[in-house]
Amino acid sequence: HKLSVSPEMDIMEYCRKEWRGNTPAAKRMRKGYEAVAQKFASIRRIRGDNYCAFRATLFQALSQATQLPRWLQSEDLTMLPENLLSRYDWIKQWQLRQKPGKRMGEISDAIKEYLILLRKKWKNISEIKDPLEKQEACDKLFKNEEEEYSLYEALKFLMLNTAIELYNADKSGRRVPVFSWLLFARDTSSNPSQLMHNHLNHIGHSGGLEQVEMFLLAYALQYTIQVYRLYKYSTDEFITLYPNDPEEDWPVVTLITEDDRHYNIPVRMCQETML
């Protein structure tokens, strides 16, 4: 059984194992890991299967959740698939994991089920007060493949919904974040339908999240995703925030990447950092 989130390992020990050589790249990575080790004691490896950005972000969000986000409390959440499908015929082409070629009603029911599961898991984990118990509950959830991948389907659909909202806002002359223009400036995603066909439908299958889609994920979850991008060490992009102008009240999750493709997570904040 492949572990989705490996057990903790000392950050510098991990770095020494992975980056032994004396190439400029290895030196830069070691410096990057040293900087992360000022703030975090350990690292947990995330399984790499094109869902790793979702896996790392959701695992971190749930590990530190103390309440259900407002958008997850909304009654309208479970009606979302039905409402969107009734307005946008092209969403019938949504690729469900393991269930390609489903009919419209089945897509709507399946995604509704995934959104309900996301709400339930988030609520249950956020109510656990004991940090050790909370960690155990997260570990257990990410060992259940069926549930884990259902949650990623829910996240993808929330990203689609956010993209549609941003696209419509821009078309009606309202202000939208800069990343939204970049998202729809790509030849392959000039509107939400193309975004779904050419990008969202492929996430987890033939590709992971591109950088501009990290912004979309952050907006969909209303979380700030802070990423240590190790290969950018000693540049101003070493620590990148998605979005780069986050809302004050959005919680922050922290990830680590060596190449903007695969993400791992730092855990155990060092005591002096927490004070």
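This is a predicted model: local features need pLDDT of at least 70, side-chain atom pairs count only at pLDDT 80 or more; totals for chains, interfaces and linings use all residues.

I number residues from 1 along each chain as its sequence is written, and side-chain values use heavy atoms, with hydrogens and water left out.

**Entry 1: the annotated site**

I began with the record. UniProt, in an unreviewed entry, places the feature "active site" at Asp-49, Cys-52 and His-262. They span 214 residues in sequence, yet no two of their C-alpha atoms are more than 8.9 Å apart, so they gather at one spot. I noted that UniProt positions are given in the numbering used here, that feature names are shortened, and that annotations may be inferred rather than shown by experiment.

Next I looked up Asp-49, which sits in the loop between β2 (40-44) and α3. My helices (H or I, at least four residues) and strands (E, at least two) are DSSP runs, numbered from the N terminus. Leaving aside neighbours within four places in sequence, I found Asp-49 in contact with Arg-55, Tyr-149 and Gly-204; contact means heavy atoms within 4.5 Å. I also checked Asp-49 against His-205: they are 156 residues apart along the chain, and their C-alpha atoms are separated by 8.0 Å.

**Entry 2: cysteines**

How many disulfides does the structure hold? I found zero, taking a disulfide as a pair of cysteine sulfur atoms within 2.5 Å. The sulfur of Cys-52 has its closest cysteine sulfur in Cys-138, 18 Å away, which is too far for a bond. I then looked at accessibility: Cys-52 is buried at 5% relative accessible area, and Cys-138 is buried at 0%.

**Entry 3: α3 against α11**

I turned to a helix pair. Helix α3 (residues 52-63) packs with helix α11 (residues 211-221) at an angle of about 35 degrees, and their axes are 12 Å apart. The axes are lines fitted to C-alpha atoms, for helices over the stretch in contact, and angles run from 0 to 180 degrees between N-to-C directions. Which residues meet here? I listed Ala-53, Phe-54 and Thr-57 from α3, and Met-214, Leu-217 and Leu-221 from α11. The residues of this contact divide into five nonpolar, one polar and no charged. For that count, Ala, Val, Leu, Ile, Met, Phe, Trp, Tyr, Cys and Pro are nonpolar, Asp, Glu, Lys and Arg are charged, and the others, Gly among them, are polar.

Phe-179 lies in helix α9 (residues 178-185) and is buried, with a relative accessible area of 4%. Not counting residues up to four places away in sequence, Phe-179 touches Leu-166, Val-212, Phe-215, Leu-216 and Tyr-219. The C-alpha atoms of Phe-179 and Phe-215 are separated by 6.8 Å, at 36 residues apart along the chain.

I found Ser-150 in helix α8 (residues 145-171), where Ser-150 counts as buried at 7% relative accessibility. With residues up to four places away in sequence not counted, Ser-150 touches Tyr-114 and Leu-117.

Trp-90 is in the loop between α5 (80-87) and α6 (104-126). Beyond its neighbours within four places in sequence, Trp-90 is in contact with Leu-160, Ile-164, Pro-192, Ser-193, Met-196 and His-197.

Most residues other than glycine have a negative phi, and most peptide bonds are trans. I went looking for exceptions.

- Asn-50, in the loop between β2 and α3, has a positive phi near 75 degrees and is partly exposed at 29% relative accessibility.
- Ser-234, in the loop between β3 (224-229) and β4, has a positive phi of about 70 degrees and is exposed, with a relative accessible area of 64%.
- The peptide bond from Tyr-242 to Pro-243 is cis, with omega near -10 degrees, and I placed Pro-243 in the loop between β4 (239-242) and β5 (252-257).

Note on methods
Buried means under 20% relative accessible area, exposed over 50%, partly exposed in between (1.4 Å probe, protein chains only).
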